[in-house]
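Here is a friendly briefing on one protein chain, written to be read with the model open beside it. Have a look first, and then come back for the tour.

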Amino acid sequence: MSYDAFEEEQQILDAGDALLERSDLTTEALRQAFLVHHAAYRKLIKTTRRLVKVNDRNEESLKDANLQVRKQQTELQEAHAELGRHAEVLEAKVRDRTKALVYSQDKLQKLVELGIALSAEQDLNVLLKRILWSGKEISQADAATLYLRTEDNHLRFALRSKTDEMPSFTIPLYDPVTGQPNLNYVSTCVALSGESVRIDDVYQETRFDLSGTRKVDAETGYRTVSMLTVSLKSRKGECIGVLQLINSLDQETGAVQPFDANLTGFVEALGAQAAIALDNLYLIKAQAELFDSVIKIIAAAIDAKSPYTGGHCERVPELGRMLAEAACQETTGPFAEFSMDTDAWREFHLAGWLHDCGKVTTPEYVVDKATKLETIYNRIHEIRTRFEVLRRDRIIDFQERLLAGGQRDLLQAELDQQLQKLNEDFAFVAESNVGGEFMSPSRLARLEQIAAIEWTRYFDDRLGISEGELERLRDVPKTPLPNREKLLADKPDMIVPRKTHPLSYDPAHWGFKVTVPEALYNYGELYNLRIARGTLTEEERFKIVEHVINTIVMLDKLPFPKNMQRVSAFAGAHHETMIGTGYPRRLKRDDMPVQARILAIADIFEALTASDRPYKKAKTVNEALRIMKFMCKDQHIDPDLFELFVKSQVWKSYADIYLHPHQIDKVDLAAYLTLPEKCVLPQLKSDNSIFWLSYI
């Protein structure tokens, strides 16, 4: 509208200018034009006056609006300032909350990591240290003490973070006189109640007896202020220990402060994880101890089964351990790379104790067989009785012929000759029974001559015998009495057929390369006395081979964990040789782990030097090493291990503990570190053979 007024004003001015420029207008025309111009100008003034009034009103409105705007701006500024203050408070709260969340997340992360680490730890000392230092770290404590509950309900100091001397006394959980719970001390109260205790100022605390803490402070100059004590509870809720944290530290200033109440939950969670880890370790340890005890009981039963093998199953693993440690310590040579971790040592330990577990199936008389005619007893007594009968028969014949008018001198000379021969024959049979002399062809021929001597049996030999013996005589015709019999007999009933006791395993399935005798046992008198060397028959030797076979079968059936799968391989190869002439699988050196070869050497040295064998005299260290040197030449044992056995003087460490002083003679180490040019085994009187001497 204001714009239109200005336009009208401009038009009026333009019209006035146009009238002034005209000279042709008359007075009347000029008057009329002026009237028109005047009317237009009056209208313009009126319009302008109206516009001014409107503008004045608008100006007042603008002033009011401006004042309102300024007022609103002031209010807005005040609100903005207030909002800023709220934003700062909110930001601080968010920052504090974020810090708390990060703190909690960090604690939770540490708890997870600690839980994993604690559950994986197998070493008790390392586990205790981890629990102690983890509690100290997660609680930001300056010091920590770990107590463990004993079987007799005491708390003992297990570990401390400070280096001062660990107290040697224990704290009873119950009063020894009244039997009442001991709630006087923080540690015992927590152990008995299972509830955590937080103390802000030890010197202001009145609930518990803290005189001991104050006394230690006085002695050491340390100042105990705050304390947090939590219980380590097992799965069953039983306290197995107590973790005590001392003096919470401000992470920024290092000042001692009370333990944060929110921290208690984290420490309790750590305590629960620590208790489970400890409980698991205790259970694993208890199971291992139980397993070891069962193994040692089995080994002791095997040794106790024979009065002549006591301690064998204990000494072999100990000697094996000594040699294995020597191998692990080598930094050059064939064993430079050889080492055993904890699981391998455990495998080797079990294999050593169980290497002869199959002997539980071996009859005692085979294990103890000291003479050729021995079964449950030494049957030389039966044969001696027959010689007694023959002697009496000769004397009776002498008396009868003398009464019949014979010449005494001639008859007496003949009788003396006969009795002398009987004495000599029995002495020869008795000597052959001992097995100390090699049965040469001439000795075998004389044995056959003696066996052919006849004697008369007057009593029924089928009375008072077992069903098994009767069964073996079922197809044998009964002879009328009296009956003339050979002095040394190989009767049908003396052979126990294998069909009565078939093999409990398939040799082919197990890879056993053995020759199975047709008979289970052959008790034939002449058959046994013919044994060329030692005291064992072919059937009995196989029974001895079976002790290793049964060891392998038995151990393979045990559900050993994955980290102990080689127990059978270690234990079952200690009678193998380096060239495949051993038993039961005829393995060669490369087929056997080092641990099996170590047990072979331990088994042989123990057997040679043992003083509890019925069939041989205990050898001196030199005699044993000399035999083993020849066995190296024949590749019966590992020459590298034998060299290590000699030069490391493992034999001496063993001998000092287990051998009699007279067996420990002076040893020239150099003599045993070079193999002989020819393998000529020394005479082993009374031994079954080099190949079999390590059986016991």
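This is a predicted model: local features need pLDDT of at least 70, side-chain atom pairs count only at pLDDT 80 or more; totals for chains, interfaces and linings use all residues.

Residues are numbered from 1 along each chain as its sequence is written, and side-chain values use heavy atoms, with hydrogens and water left out.

**The chain as a whole**
- The chain holds 22 helices and eleven strands; these are DSSP runs numbered from the N terminus, helices being H or I with at least four residues and strands E with at least two.
- Of its 696 residues, 42% are buried (under 20% relative accessible area, with exposed meaning over 50% and partly exposed in between, for a 1.4 Å probe and protein chains only).
- Its accessible surface is about 38600 Å², and carbon and sulfur atoms account for 54% of that (Shrake-Rupley method, 1.4 Å probe).
- Taking contacts (heavy atoms within 4.5 Å) between residues at least 6 apart in sequence, 67% join residues at least 24 apart.

**Nonpolar cores**
- A nonpolar core is a set of buried Ala, Val, Leu, Ile, Met, Phe, Trp, Tyr and Cys residues joined through side-chain atoms within 4.5 Å.
- The largest one has 55 residues, and those touching the most other members are Ile601, Phe605, Leu625, Met628, Ile637, Phe642 and Phe645.
- Elements giving two or more residues to this core include helix H6 (263-305), helix H7 (312-328), helix H18 (594-609) and helix H19 (621-633).
- Leaving aside residues up to four places away in sequence, Phe645 touches Leu319, Leu323, Ile601, Phe605, Leu625, Val650 and Trp651.
- Another core, of 27 residues, lies apart from it and includes Ala144 and Leu228.

**Helix H8**
- Buried residues in H8 include Phe348, Leu350, Trp353 and Leu354.
- H6, H7 and helix H16 (538-557) are among the elements covering the buried residues of H8.
- At the start of H8, the backbone nitrogen of Asp343 has a side-chain oxygen of Asp341 within 3.2 Å.

**Helix H12**
- H12 (residues 441-452) buries Arg443, Leu447, Ile450 and Ala451.
- Seen down the axis of H12, these buried residues fall within an arc of 100 degrees, so they line one face of the helix (the arc is that of the directions from the helix axis to the C-beta atoms).
- Exposed Pro441, Ser442 and Gln449 sit on the face of H12 turned away from its buried side.
- The buried residues of H12 pack against partners including helix H10 (380-403) and strand E9 (483-486).

Methods: The expected span of a helix is 1.5 Å times one less than its number of residues. A polar contact is a pair of N or O atoms within 3.5 Å; within protein, one must be able to donate a hydrogen and the other to accept it, and residues adjacent in sequence count only if both atoms are side-chain atoms.
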